[in-house]
Amino acid sequence: MDDLRMESRSAGLQPSPVQTAPSGQSVEAGPTPILRSGRRDLLDLDDFSPEEITGLLDSAEGMSEVLSRDVRKTPALRGKTIITLFYEASTRTRVSFEQAGKILSADVINVTTEASSVKKGESLLNTVLTLQAMQVDAIVMRHPHSGAPYLVAHHVDAAVINAGDGTHAHPTQALLDMFTIRRHIGAIAGKRVAIVGDILHSRVARSNMHGLSKMGAQIVVCGPPTLLPMGFEPGRIVPEGHPFEGVNVAASADEACEGADVVMALRIQKERQDSGRLPSMREYSTVWGINSKRLALAKPGALLMHPGPMNEGVEISSDVAHGVQSVIREQVQNGVAMRMAVLYALCAVKREGGGG
């Protein structure tokens, strides 16, 4: 227990008085679970409670303190092994998870499909069962097919962290977005967050809608009608019974941005789209792109966000992307702290049971 106390303190998990366990016990006393009992994985935020999300955001504050040190290293996950298994290209997410694990002193092993038995025809299930046999503690995975991490989570003992699955979910991106928002404008509850662009294909939008709604934000989305999910009708609120009930669907980008505390532009995901959904990129930029004139409709000092990578001149103009209201680079930096918090929450406390 003394070692655990030392590791928790070294991890910087006591950044503020609000970071306490539900019982009131400070995390300084040891690796008190941040997540509910029995939570084994991070697949999306739809089944997370506001208290769990708040716990992760609070933990990320402590991790951010670690990143500000001259020596960015803590023994919190010493002896743990983390695998990153990416079936799709990634820069920000993969590198930030690798950096997060190494700062926490975990052994991080990157598995690429191009240099693995996947190239020989090995299935996803057989690949993860092989990794499981090596007694890994966590598998961070990205896959082009929606639901792939859920399949894996049913068959392994290791914690499974969804780093993006098809068009379905990207929970750690949503968490780092909320962390960034909270650091700038305080409590998320009651804030108007506009999400503009390719809602249909955006796993970032889906996880953000789940997470932000849990935290009490007023969410308004908009995009071309051909790039909206079923049940999203311009000018209406998503009806009761829909997974995203209560989300306001604006009829125009101007309407979405007006009075917003946060404006989030989404990348046009050409690789996931059927042809014919958009007349042209130029027309999209004119009607739906976030530029200085459109951003001026938001509240003074509103945050401008983008999950990256950006198509500058399409969904976002270069001047605002690199302007004073942009926190896009900060999102990347906060991603490391947030992913440290997630890895710690799932790996530091002993897991119960086996694969599902």
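**Figure 1. Helix 6 and its buried residues.** Buried here means under 20% relative accessible area, with exposed being over 50% and partly exposed in between, for a 1.4 Å probe and protein chains only. Eleven of the 15 residues of this helix are buried, so helix 6 is largely enclosed by the rest of the structure. Helix 6 covers residues 171–185 and reaches 21 Å from its first C-alpha to its last, close to the 21 Å expected at 1.5 Å a residue; the expected span is 1.5 Å times one less than the number of residues. After helix 6 comes Gly-186, with a positive phi near 80 degrees.

**Figure 2. The whole chain, for orientation.** This is a predicted model, in which local features need pLDDT of at least 70 and side-chain atom pairs count only at pLDDT 80 or more, while totals for chains, interfaces and linings use all residues. Residues are numbered from 1 along each chain as its sequence is written, and side-chain values use heavy atoms, with hydrogens and water left out. The protein has twelve helices and ten strands, a strand being a DSSP run of E with at least two residues. Of its 356 residues, 54% are buried. Among contacts (heavy atoms within 4.5 Å) with a separation of 6 or more, 74% are between residues 24 or more positions apart.

**Figure 3. Helix 12 and its kink.** Helix 12 takes in residues 328–347, and at 1.5 Å a residue its 20 residues should span 28 Å; the end C-alpha atoms are 29 Å apart, which agrees. Look along the helix for a kink of about 30 degrees, centred on Asn-334. The bend at a residue is the angle between axes fitted to the seven residues ending there and the seven starting there.

**Figure 4. The largest nonpolar core, seen around Met-338.** A nonpolar core is a set of buried Ala, Val, Leu, Ile, Met, Phe, Trp, Tyr and Cys residues joined through side-chain atoms within 4.5 Å. The largest one has 67 residues, and Ile-195 and Met-338 have the most contacts inside it. Helix 12 gives the most to this core, with eleven residues. Domain 1 (2–170 + 333–347) and domain 2 (172–328) both give residues to this core, so the core lies between them; the domain bounds come from an automatic or database domain assignment. Leaving aside neighbours within four places in sequence, Met-338 touches Leu-56, Leu-57, Ala-60, Thr-172, Leu-175, Leu-176 and Phe-179, all by contact. Apart from this core lies another, of 26 residues, including Val-263, Leu-278, Leu-304 and Ala-321.

**Figure 5. Two positive phi values.** Most residues other than glycine have a negative phi, and most peptide bonds are trans. Ser-105 is not a glycine, yet has a positive phi of about 75 degrees. You will find Ser-105 in the loop between helix 3 (92–103) and strand 2 (107–112), where it counts as buried at 18% relative accessibility. Gln-135, also not a glycine, has a positive phi of about 60 degrees. Its loop runs between helix 4 (124–133) and strand 3 (138–143), and Gln-135 is exposed, with a relative accessible area of 68%.

**Figure 6. Loops on either side of strand 10.** Pro-300 sits in the loop between helix 10 (292–295) and strand 10 (303–305) and is exposed, at a relative accessible area of 82%. Its C-alpha is 9.1 Å from that of Ala-260, 40 residues apart along the chain. Pro-309 belongs to the loop between strand 10 and helix 11 (318–321), and the peptide bond from Gly-308 to Pro-309 is cis, with omega near -10 degrees. Glu-312 is in the loop between strand 10 and helix 11 and counts as partly exposed at 36% relative accessibility. Beyond its neighbours within four places in sequence, Glu-312 is in contact with Ser-318 and His-322.

**Figure 7. Confidence along the chain.** The mean pLDDT (the predictor's confidence in each residue, from 0 to 100) is 87, and 84% of residues reach 70 or more. Over residues 1–30 the pLDDT stays under 50, and the model has 54 contacts beyond four places in sequence for them.

Conventions. Helix = DSSP H or I, 4+ residues; strand = E, 2+ residues; numbered from the N terminus.
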